[in-house]
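Visitor: I have a model open and want to go through a few details. Can you take me through it?

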Amino acid sequence: MSTTKKIAGAALAAALGVTTLSACGGDAKDKPAGASDAPKSKTVTLVSHDSFNVTESVLKEFEQQSGYTVKVLKSGDAGAALNQEILTKGSPRGDVFFGVDNTLLSRALDNGIFTPYEAKGLAEVKPEYVLDKEHRVTPIDSGDICVNYDKAYFADKKIAPPQTLDDLAKPEYKNLLVVENAATSSPGLGFVLASVGKYGEDGWKDYWSKLKANGVEVVDGWEQAYNERFSGSAGGKKAKGDRPLVVSYASSPPVEVLYGEPQPAEAPTGVATGTCFRQIEFAGLLKGAKNEEGGKALVDFLISKKFQEDMPLQMFVNPVTKDAALPELFTKHGVVVEKPENVTPETIAKNREQWVKAWTALVVK
C-alpha cells in the first residue's frame with residue numbers, strides 16, 4: 001500500500017529512519033511556559049510510512065502548545081510499516097501509527113494493534129470517512145487513485161482522452177496505458193480495486209482480460225510508471241516515456257504545476273475521473289504505547305485544522321475535516337472526484353490475497 005507510496009514519497013524524497021521534526025528539546029529547561037508536567041515522557045513517537053511530512057513551523061506550534069517533542073519513525077511503505085507493528089504487537093516501536101489505509105484497515109484491526117480513542121475534533125471529520133465505529137483508528141486524509149493522461153498527446157492526435165474504465169478497453173487507447181503491479185504497488189492495487197468496485201467480483205477479471213488484449217503495460221511501481229513510462233510527467237518526458245496514460249493520483253496535476261520549471265499556467269496532465277478508487281488513511285493509538293497521553297494529543301493534532309490545511313502541499317492528499325480549506329494549487333489545477341469506486345475494508349480483507357493472485361496470473365504471467 002500507501003502511501004504511500006504516494007507522490008509525496010518521490011517529490012519530497014523522505015529518508016528512512018528516525019527523524020526528529022523538532023527544534024524544541026525534550027529537557028525540562030526547554031519546556032514551553034505553561035506546559036503540563038503530567039506526562040512521564042515529553043517525547044511522542046509517530047510510526048509512519050516514508051511519505052509523512054509536515055511543515056516545520058506547524059509542528060513546532062503543536063510542540064510548544066503541548067510540551068511534547070515529536071519523533072517520526074519512517075518504516076518503508078505502509079504495508080511494510082504495518083507488518084512491523086503487527087510483529088511488535090503489545091511492545092510497539094512508537095505511540096501512534098499513521099498510514100494504514102482502507103485496503104489494509106481490516107488487517108490492522110483484526111490484529112488488535114490499536115487502543116480505542118475518540119479524538120478531540122472527530123465531530124469535524126466527514127462521516128463517510130469514519131469507517132471504524134469503535135474509534136480504534138481516526139481518519140486523517142483521503143486521496144483518489146485515478147488514471148492520468150497526457151493532455152498534449154491527445155490534443156496532437158485529436159483524440160478525446162478517456163474518462164471511464166470502459167473507455168480504457170476501447171481500440172483508440174490500445175498500447176497507451178501503463179499500470180503498476182498490484183502485488184507490489186499501492187496504486188496498482190487501488191486500480192484493481194476500482195475495477196472490482198465497478199464490475200463486481202464476477203466481472204473484474206473479464207475487464208482485465210480486455211485491458212491485456214488492449215496492450216496494457218505493467219511495471220513494478222509508481223516511480224517507474226509515472227516518472228519513466230508516462231509521457232505527460234516531467235520525469236517521463238526526460239526519460240522519453242511513450243505511454244500517455246498512467247495510473248497515478250488525482251493530485252498529480254497540481255504536483256506537476258508546483259514542481260514545473262518554469263511553473264506552467266495550466267497542468268500538463270489531466271485526470272480520468274471515472275477510473276478512480278478512493279484511499280482513506282488513518283492514524284491510531286498503538287496498544288502498549290509508552291506515552292499514551294502524548295499519543296492522544298498527537299492524534300488530536302493530526303485532525304486539527306492547522307495540520308489538515310498544511311497536509312495537501314506536504315503529502316499531496318486531501319483533508320477529511322469539514323472546516324479545512326484546500327490550497328489554491330489544488331482548487332485551480334486539481335479535480336473533484338464525485339463518485340469514486342468503493343470496496344468495503346471487510347470485503348478487501350477477505351479477498352485481497354486471492355484477487356492479487358488472480359490478477360497476477362491473468363495479467364502478468
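Predicted model: local features only at pLDDT ≥ 70, side-chain atom pairs only at ≥ 80, totals over all residues.

Visitor: How many disulfides does the structure hold?

Guide: One. Cys146 is joined to Cys276, with the sulfurs 2.1 Å apart.

Visitor: Where do Cys146 and Cys276 lie?

Guide: Cys146 is in strand E6, residues 138-150, and Cys276 is in strand E10, residues 269-286. The pair therefore ties together parts that are 130 residues apart in sequence.

Visitor: Is Cys146 buried or exposed?

Guide: Cys146 is buried, and Cys276 is buried as well.

Visitor: And what is the torsion about the S-S bond?

Guide: The torsion about the S-S bond of Cys146 and Cys276 is about 115°, so this disulfide is right-handed.

Visitor: Helices now. At what angle do H8 and H15 cross?

Guide: Roughly 30°. The axes of H8 (residues 204-213) and H15 (residues 345-364) come within 10 Å. Angles under 35 degrees count as roughly parallel, so H8 and H15 are roughly parallel to each other.

Visitor: Is the crossing of H8 and H15 left-handed or right-handed?

Guide: The crossing of H8 and H15 is right-handed.

Visitor: Which residues make the contact?

Guide: From H8, the contact uses Trp204, Lys205, Trp208, Ser209 and Lys212. H15 contributes Trp355, Ala358, Trp359, Leu362 and Val363.

Visitor: How does the contact of H8 with H15 split by class?

Guide: Seven of the residues in the contact of H8 with H15 are nonpolar, one is polar and two are charged.

Note on methods. Residues numbered from 1 in each chain as written. Heavy atoms only, no water. Axes fitted to C-alpha atoms, helices over the stretch in contact; angles between N-to-C directions. Helix = DSSP H or I, 4+ residues; strand = E, 2+ residues; numbered from the N terminus. Parallel < 35°, antiparallel > 145°, perpendicular 65-115°, else oblique. Left-handed = near helix turned anticlockwise from the far one by under 90°. Contact = heavy atoms within 4.5 Å. Nonpolar A, V, L, I, M, F, W, Y, C, P; charged D, E, K, R; others polar. Disulfide = S-S within 2.5 Å. Buried < 20%, exposed > 50% of the residue type's maximum accessible area, 1.4 Å probe, protein only.
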